Amino acid sequence: MNYMRIKKVAALFLAAIMTYSLTACESKDDDKKIVGNSFSGEITTCTPTPKNGGNGDNVTPAPTDVTGGNNTDPGNTPVPTEDIKPAEYEKITTTEKPVKSGAVIIIGKQAFEGYNYQDKRADSYAKTVNDFADKMKGKAKVYSIVIPLSAGITMPDAYQGAPVGNSDMLSSLKSIYGKLGDNVIQVPIYDTLMQHRKEYIYFNTDHHWTQLGAYYAYVEFCKKSGKVPEKLSELKKVSYKGFTGSFCKDTGSQILYDNPDTLDTYAPKSECVMTVTDSNGKEFKWPVINNVSNYKSNVKYSAFIAGDNPYTVINNKNLSDGSACILVKESFGNAFAPFLADHYEKVYVIDYRYYKGTLSELVTKTGAKEVIFANNVSMIRNTYLIGQLSGIAK
């Protein structure tokens, strides 16, 4: 009798789990477009009002110096590979209520990209990286950095995850990492970003992380690769005010336009020469960090490595040891790439969305001993982008 009662309760519990789902919207463009989710709870919907064109509510202490998708199916609940109970981090609170604008969540003066985990697409991404890493065994080390979105780091705690229809970020990351094989060196960065979550590590008006956020990821990469990271205080910092990022255009929010971001840049210590090959095959020289004082407010993120180009080479003139790495990235990697320049004679930056060659050929041609995949979690739910990555990871 007790057995039958337990069996019935278990069946009801399983049924309850199976009925839970997230409703996904289809993205329209590359990783700058957002796959949104259905919302529940106390959320206001706003209609974007175009506007021709900061600081949010979070406290932003000084940095610590340390040494978009084609969703047509419902979101999936990620299955973690280990205990997902997070460590204790500083809380972020707010008196503001979330406002939905399309697939963007606005809370006060900050905006966040909605996120829903897609298990089958995570499988596809992991297979692409795993297959390449297996092919490179004994030839080059392969690293994977999966970059969280701000919605899972700097969004106020009360609204993270289910309250705004999002998947849990930590659970999603662990599920993705759990699919990577033994030949992939994992570089988890969730914990370090959460330790610095009250610093200015993500923009308020844009979907990207700041270069400070990328710096903390770089430090974790150095730990995994046996390098000594440069001290942030020793890097030349230049700031550019008035950056109105992708969320301004996506939402038309007057509040976001009235509270633009500041774009802080950190240049390599070494003397570097960067050669860029654009989508038309044209080569040109460009600074690793460019002066964007006179750029339009919505394109200032292109200060980093001349923006998104198929093929970029950063040559460190202070080194002549033949060291080289390949960074495989989308736009989040732009802010990360400059930190690598001090550690290699040459850094080869590949934007897989536009590159026409194959990675294995590039490894052979360049002699690179390290290949770094740096992609944000939103890319890992995008069928088209995963297909683009798979096309070059041969």
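**Exercise 1.** At what angle do helix H2 (residues 119-136) and helix H10 (residues 383-392) pack, and how far apart are their axes?

Before we start: this is a predicted model, where local features need pLDDT of at least 70, side-chain atom pairs count only at pLDDT 80 or more, and totals for chains, interfaces and linings use all residues. Numbering runs from 1 along each chain as its sequence is written, and side-chain values use heavy atoms, with hydrogens and water left out.

*Solution.* 
- Step 1: the angle is about 10 degrees and the axes sit 10 Å apart.
- Step 2: angles under 35 degrees count as roughly parallel, so H2 and H10 are roughly parallel to each other.
- Step 3: on the H2 side, Arg121, Ser124, Tyr125 and Thr128 make the contact (heavy atoms within 4.5 Å); H10 brings Thr383, Ile386, Leu389 and Ser390.
- Step 4: sorted by class, that contact has 3 nonpolar, 4 polar and 1 charged residues.

**Exercise 2.** Work out how the rings of tyrosine 218 and phenylalanine 339 are arranged, and where they sit.

*Solution.* 
- Step 1: rings of Phe, Tyr and Trp (its six-membered ring) pair if their centres lie within 6.5 Å; planes under 30 degrees apart count as stacked, over 60 as edge-to-face and the rest as tilted.
- Step 2: here the centres are 5.2 Å apart and the planes at 20 degrees, so the pair is stacked.
- Step 3: tyrosine 218 belongs to helix H5 (residues 211-225) and phenylalanine 339 to helix H8 (residues 332-340), so the pair links parts of the chain 121 residues apart.

Notes. Helices (H or I, at least four residues) and strands (E, at least two) are DSSP runs, numbered from the N terminus. Axes are lines fitted to C-alpha atoms, for helices over the stretch in contact, and angles run from 0 to 180 degrees between N-to-C directions. Angles under 35 degrees count as roughly parallel, over 145 as roughly antiparallel, 65 to 115 as roughly perpendicular and the rest as oblique. Ala, Val, Leu, Ile, Met, Phe, Trp, Tyr, Cys and Pro count as nonpolar, Asp, Glu, Lys and Arg as charged, and the others, Gly among them, as polar.
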